Amino acid sequence: MNAKSDIAPNPTLDEFRKVVRSRRSVRRFTNEPVPQDVLDDCLDLAMLAPNSSNLQPWEFFVVRTPELKDRLAEACLGQNAAKTAPVLIAVVARTDTWRQHSRMALEQWPEEKLPGIVEKYYSKIAPIHYNQGPFGLLGIAKKTAGLVVGLSRPVPRGPYSINEMKVWATKSTALAAENLMLALRAHGYDSCPMEGFDEYRVRRLLSLPEKGLVTMVLAAGKRAEKGVYNRQYRFNQDELVHYL
Ligand SMILES: Cc1cc2nc3c(=O)[nH]c(=O)nc-3n(C[C@H](O)[C@H](O)[C@H](O)COP(=O)(O)O)c2cc1C
C-alpha cells in the first residue's frame, strides 16, 4: 500500500468535540454488553495511538466472563464502575517486548522497500537504546557516556534504567488507553479509567506477564442513570498553559 493512499479523510471538528466533550468517567453502567464488533473496532483504534519508535509496548486483557469479572472488580477495590461494567479491560504496559517488536517492525514494514535507516534503527540502534543489560549495568554505562558527551552536544537522556523503561512503556500505553476511551464514546459506549486497584491481585488473577505493568483497568459499557457523579470541570488555562 502506498503511504499516502491510507490517510483517512479530514474529520470534522464538531464530531471530534462531541466525542471528547461527552466522554466522562462513568461509575455506574447498565448490564447491556459491549458487542464484539464494537470492542474489536475500539481496540483497533486504541492500537493506532502514537507510540515510542512504533514499538507498541502495550497489551490489552479483556475480561467479560462473570466469575473472573467479579473477582477483578473486587481487586479494583470493589469500585462501582468495576462492579457494574459488563466488560473490564486491563491496559498493560510491557517493558520487555521491544526486542521482539523490533524484529516484527522489520518483518512487517508496510512498504515494498525497507529503508536503510529503518533497518539500522530496529536492528542496531534500538537494541542498544532500550537494552539496560544485566542488573541495569548497560544503562549505567550509557548514562555515564551520555553525561560526558552531553557536555558538548544534545544527547538522549534515557531510558537509562529499568524504572525509566517503565515510564517509557507507560507513556505510550496511556495514549492507547485514551484512544480506547474515545473510541468507546464514539461508538456510544462509556468508560472509567481506574488506577484504584490492588496490582498484586490483578496481576495474579489475570496471569499477567512478569514484566507487565497494569497502567489502568478500564471499565466499559453503557452509562446508567446517575452514572456520572458530578459536572465536569477543569482548571483555567492561565494556571497550566505557559506561552514562552
Ligand atoms: C490514571 C487515571 C486513574 C484513575 N483512577 C480512577 C479510579 O480508580 N476510580 C475512579 O472512579 N476514577 C478514576 N479516574 C477517573 C478520574 O477521577 C477522572 O478522569 C477525573 O475526575 C475527571 O473526570 P472526567 O474523566 O469525567 O472528566 C482515573 C483517571 C485516570 C486518568
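The shell around the ligand, counting residues with a heavy atom within 4 Å of it, holds three nonpolar, four polar and five charged residues. In this classification, Ala, Val, Leu, Ile, Met, Phe, Trp, Tyr, Cys and Pro are nonpolar, Asp, Glu, Lys and Arg are charged, and the others, Gly among them, are polar. The structure is a predicted model, in which local features need pLDDT of at least 70 and side-chain atom pairs count only at pLDDT 80 or more, while totals for chains, interfaces and linings use all residues. Residues are numbered from 1 along each chain as its sequence is written, and side-chain values use heavy atoms, with hydrogens and water left out.

Members of the ligand shell include Arg23, Arg24, Ser25, Arg27, Gln79, Cys192, Pro193 and Met194. Polar contacts are pairs of N or O atoms within 3.5 Å. In one of these, a polar side-chain atom of arginine 24 sits 2.7 Å from a ligand oxygen atom. Arginine 234 places a side-chain N or O atom 2.9 Å from an oxygen atom of the ligand, and a polar backbone atom of glutamate 195 is 3.0 Å from a ligand nitrogen atom. On its own the ligand has 620 Å² of accessible area, of which the protein covers 67%; such areas come from the Shrake-Rupley method with a 1.4 Å probe.

Attention now turns to the pockets. A pocket is an open set of points on a 1 Å grid over the protein atoms alone, where a 1.4 Å probe fits and protein lies on both sides within 12 Å along at least five of seven lines; lining residues have an atom within 4 Å of a point. A volume is the space filled by probe spheres set on the points, which are joined across faces, edges and corners. The largest pocket holds about 390 Å³. It is lined by 14 residues, with Asn54, Gln56, Met104, Ala105 and Gln108 the closest to its centre. Helix H5 (residues 98-107) gives the largest share of this lining, three residues; helices are DSSP runs (H or I) of at least four residues, numbered from the N terminus. Nine residues of the lining are nonpolar, five are polar and none is charged.

The second largest pocket has a volume of about 330 Å³. Its lining includes Glu15, Phe16, Leu45, Pro50 and Asn179, and helices H1 (13-22) and H8 (162-186) each contribute at least two residues. By class, ten residues of this lining are nonpolar, one is polar and one is charged.

How values were computed: Polar contact = N/O pair within 3.5 Å; in protein donor to acceptor, adjacent residues only side chain to side chain.
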